Amino acid sequence: MRANENMRTKTQNIGEQLLKNRTNSAYVLNTLENLGRLPRDFDGRCLLEFLDNESSTIRFLAVKNLGKLRNDAFLVFLTRIAQNDPDTNVRREAVSAIGRMRKPDTKEILFAKIKDKDPKVVCQAIRGLLIFKGEAGIDAKLSSLIDHENEMVRQVIRKEYFAEKRKIYTQPHPESYDYLKNVVVNGDTIETMKFLQDESVHLTFTSPPYYNARDYSIYPSYKAYLEFLRDVFQEVYRITKEGRFLLLNTSPVIVPRVSRAHSSKRYPIPFDIHHYLMEMGWEFIDDIVWEKPEASVKNRIGGFMQHRKPLGYKPNPVTEYVMVYRKATEKLLDWNIRSYDNKTVEASKVSGRYETTNVWKIDPCFDKIHSAIFPVELCKRVIQYYSYKGDLVFDPFGGSGTVGKTAKMLDRYFFLTEKDKKYFSYIKEKITMDLDDQFPPRFLSLNEFKEVLE
Ligand SMILES: C[S@@+](CC[C@H](N)C(=O)[O-])C[C@H]1O[C@@H](n2cnc3c(N)ncnc32)[C@H](O)[C@@H]1O
């Protein structure tokens with residue numbers, strides 16, 4: 001009781017001091033910033049003075065502190081700010097303060113704010129109105145916003161009113177089918193994926209063939225190449241478990257010139273494929289840049305070094321992208337994480353040093369048999385950061401099998417597809433059986449794989 005009274009006296013004094021020092025912006029700012037919790041009967045009238053201050057930060061803080069009082073005596077002031085303040089953060093704070101009152105007479109005011117030009121203000125108004133969810137008038141108006149032009153607004157409405165009914169899963173989220181565990185299939189990846197059930201894999205990490213830059217990847221046109229990748233990642237989307245990740249390693253490629261009379265052509269694969277992935281429902285999460293030492297990459301700057309003529313500048317490409325996507329879901333990551341038992345979560349925690357930025361400096365790897373293999377360090381990071389022990393990790397373009405080998409080493413299962421017989425045999429050499437393997441590696445032709453399914 002006494003503590004409350006003390007607090008009240010202290011805050012009332014603050015109110016008086018504020019008004020006395022109304023022209024001292026630094027004082028006002030500092031005081032408003034540090035007002036903290038306010039007693040319900042705090043006399044908020046001392047704050048009204050600052051609702052028209054020329055500093056948007058002071059106006060914002062005045063609104064924020066008024067909002068703490070949840071007193072509808074201030075509704076008219078807050079409504080004026082919500083409607084007219086030129087600063088979008090101030091308007092949003094006013095809408096938030098109105099919403100927090102949870103009073104029926106705020107509904108019309110909040111509905112008016114759905115027409116605000118800033119989608120963040122619109123979302124705030126929706127949040128205030130969702131308190132009344134279940135009332136026919138509210139539900140009808142809010143659900144009609146599913147066609148709103150802004151994607152954030154549509155996403156909130158979809159989650160609130162159009163979320164899929166609870167899905168029935170054929171298996172618990174952390175589990176995967178035994179017939180896929182530690183299997184490599186020698187076949188076309190799209191053909192093979194067709195035999196997999198929906199939501200079968202936890203993580204896909206892959207590096208697709210480069211467009212016509214290596215002998216194992218010849219396509220009739222760049223368009224045909226992109227459409228092939230689109231079809232692959234559409235299938236990957238289908239077989240990925242809800243809310244799980246795809247990490248895609250690509251970089252722009254150069255196709256050499258036909259003759260000295262022509263120029264070479266550079267194809268921006270990561271940027272072109274991105275568009276397709278977004279269209280099919282992958283959610284963009286991060287762009288990780290894999291940086292290699294300059295000495296390890298092709299020298300393009302040589303010519304410029306000699307002539308130094310503008311326009312002829314061609315930097316040495318030391319980076320590749322590792323783009324991170326998540327299969328669309330209304331569920332938060334927490335839902336995925338909570339589906340694992342404590343023992344698995346503890347065992348999967350990333351211990352020791354870890355990468356803190358999106359620039360990963362890793363030496364490339366050179367191999368006598370395969371010309372484009374992942375460094376183990378890159379695979380290690382991806383698998384450790386984006387999967388749990390016991391998960392199924394998929395690489396549709398298996399190559400020399402680095403993803404498989406690393407997944408096994410990190411106590412995950414792998415499933416790989418590789419079209420080329422030579423590389424398939426190479427994977428066989430590289431991924432060996434261990435005595436304690438519960439699922440020893442199996443190397444199957446597509447026909448043999450189909451037989452396993454029957
Ligand atoms: C860039 S390499 C992958 C290298 C791999 N990340 C590694 O660490 O060894 C791409 C691989 O995809 C394979 N490939 C190309 N088209 C394929 C297809 N339609 N289905 C399965 N594999 C394919 C190629 O034979 C090549 O080995």
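Visitor: Before we start, what makes two strands pair here?
Guide: DSSP has to find at least two bridges between them. Keep in mind that this is a predicted model.

Visitor: Fine. How many bridges join strand 1 to strand 10?
Guide: Four. Strand 1 covers residues 183-186, strand 10 covers residues 413-418, and they run parallel.

Visitor: Which residue stands opposite valine 185?
Guide: Threonine 417, in strand 10.

Visitor: And the sheet they belong to? What's the strand order?
Guide: The order is 8-6-7-3-2-9-10-1-11. That is nine strands in an open sheet, with mixed pairing.

Visitor: Which strands stand at the edges?
Guide: Strand 8 (359-361) and strand 11 (442-445). Each has a single partner strand, so one side of each has no neighbour in the sheet.

Visitor: What does the twist average?
Guide: It averages 20° from one strand to the next.

Visitor: Which strands does helix 20 touch?
Guide: Strand 1 and strand 11. Helix 20 is residues 446-453 and packs on the sheet. Its direction makes about 105° with that of strand 11.

Visitor: Switching to helix pairs. How do helix 4 and helix 6 pack?
Guide: At an angle of about 5°, with their axes 9 Å apart. Helix 4 is residues 56-69 and helix 6 is residues 88-100. Angles under 35 degrees count as roughly parallel. Helix 4 and helix 6 are therefore roughly parallel to each other.

Visitor: Which residues make that contact?
Guide: Helix 4 gives Ser56, Arg59, Phe60, Val63, Lys64, Leu66 and Gly67. Helix 6 gives Asn89, Val90, Glu93, Ala94, Ser96, Ala97 and Arg100. By class, the contact of helix 4 with helix 6 has six nonpolar, four polar and four charged residues.

Visitor: Now helix 2 and helix 4. At what angle do they pack?
Guide: About 35°, with axes 9 Å apart. Helix 2 is residues 25-33.

Visitor: Is the crossing of helix 2 and helix 4 left-handed or right-handed?
Guide: Left-handed. Val28, Leu29 and Leu32 are among the helix 2 residues in the contact. Helix 4 brings residues including Ile58, Leu61 and Ala62. The contact of helix 2 with helix 4 divides into six nonpolar, three polar and one charged.

Visitor: How do the axes of helix 17 and helix 18 cross?
Guide: At roughly 55°, coming within 9 Å. Helix 17 is residues 376-386 and helix 18 is residues 402-409. That angle makes helix 17 oblique to helix 18. The crossing is right-handed.

Visitor: Which residues make the contact there?
Guide: Val376, Cys379, Lys380 and Ile383 of helix 17 meet Thr402, Val403, Thr406 and Ala407 of helix 18. They divide into five nonpolar, two polar and one charged.

Visitor: Last topic, the ligand. Which residues come nearest?
Guide: Phe397, Gly399, Ser400, Thr402 and Lys419, of the 19 residues around the ligand.

Visitor: What's in the shell by class?
Guide: Seven nonpolar, eight polar and four charged residues.

How values were computed: Residues are numbered from 1 along each chain as its sequence is written. This is a predicted model: local features need pLDDT of at least 70, side-chain atom pairs count only at pLDDT 80 or more; totals for chains, interfaces and linings use all residues. A residue is near a molecule or strand if its C-beta atom, placed from the backbone, lies within 6 Å of it. Ala, Val, Leu, Ile, Met, Phe, Trp, Tyr, Cys and Pro count as nonpolar, Asp, Glu, Lys and Arg as charged, and the others, Gly among them, as polar. Axes are lines fitted to C-alpha atoms, for helices over the stretch in contact, and angles run from 0 to 180 degrees between N-to-C directions. Angles under 35 degrees count as roughly parallel, over 145 as roughly antiparallel, 65 to 115 as roughly perpendicular and the rest as oblique. Two residues are in contact if their C-beta atoms, placed from the backbone, lie within 7 Å. A crossing is left-handed if the near helix is turned anticlockwise from the far one by less than a right angle, and right-handed if clockwise.
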